[in-house]
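Work through the exercises below with the sequence and the structure in view. Each task is followed by a solution in steps.

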Amino acid sequence: TLADPVQVRSWTIAGLPTDTVSVENAIIVSKARRWPLMVDPQGQANRWIKAMERAASLEVVKTSYKDFLRTLENGIRFGRPVLLEDIGEGTLDAALEPLLLRSTFKQGGSEVIKLGDNIIPYHQDFKFYMTTKLRNPHYPPEVSVKVSLLNFFVTPEGLEDQLLGAVVTQERPDLANLKSALVVSNAKMKAELAALEGRILGLLSASSGNILEDEELINTLAQAKVTSNEVSARVAQAEATE
């Protein structure tokens, strides 16, 4: 499956709605080669991106800003994510085309890209997001083929989930806080479990002779079993709370 449960859980912690369409959109955002252009009239994708990338020093700009290309250049150079808000309808700024096409090339042994009149180093950690508040925008084919066009418009299922969450938060804040704490704890423990499983596979591949005599492997397996049992118990508690 394309969905990593640990990753999906971290997205929901950052504010991604839990409905299927939103999760599928988030998977495309994380895995597609083309940069995402998100139709986001309610601002849900905007809030999610800002929360998710806050620790990575997200830069937020609009095409109306006179220095938006300079901000974009700095993001590309230093590997910081950039969110371009309030994209209008029609064509995008021509200066963005090399970035949308990821038209990087080698210069002096380094990977670079031309943005406007400047050639700048291209950092591999750079990420680019675009959002529009328009409900039903129409983009020409030459734009659509260069981006991942995603619709974050609230679905009935998503609205139901969000309204339920709002009601629970208002009526039973204790349950809402408990669920939030469980979500964070589960995500952390599942990440630990995934790391343990990777370590076990590494130890198994490197092991020679009788694996029952490999003390480190036996201890890691025991730790994985304890963590797995804790995760299962917390997931059951979270489901009961939900």
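**Exercise 1: the second largest pocket**

Task: state the volume of the second largest pocket and describe its lining.

Solution. The volume of the second largest pocket is about 240 Å³. A pocket is an open set of points on a 1 Å grid over the protein atoms alone, with protein on both sides within 12 Å along at least five of seven lines, and lining residues have an atom within 4 Å of a point. The model is predicted: local features need pLDDT of at least 70, side-chain atom pairs count only at pLDDT 80 or more, and totals for chains, interfaces and linings use all residues. Residues are numbered from 1 along each chain as its sequence is written, and side-chain values use heavy atoms, with hydrogens and water left out.

Next, the lining. It has 16 residues, and Val29, Ser30, Glu53, Lys127 and Tyr129 lie nearest the pocket centre. Helix H2 (20-31) is among the elements that supply at least two residues each, and H2 gives the most, with 3 residues. Helices are DSSP runs of H or I with at least four residues, numbered from the N terminus.

**Exercise 2: the cavity**

Task: how many cavities of 30 Å³ or more does a search of the whole structure find, and which residues lie nearest the centre of the largest cavity?

Solution. A cavity is a set of points where a 1.4 Å probe fits but cannot get out. The search finds 1 cavity of that size. The largest cavity has a volume of about 40 Å³. Among its 10 lining residues, Asp19, Ser22, Phe153, Val154 and Thr155 lie nearest the centre. H2 and helix H7 (156-171) each give two or more residues to this lining.

Key
Grid points are joined across faces, edges and corners, and a volume is the space filled by probe spheres set on the points.
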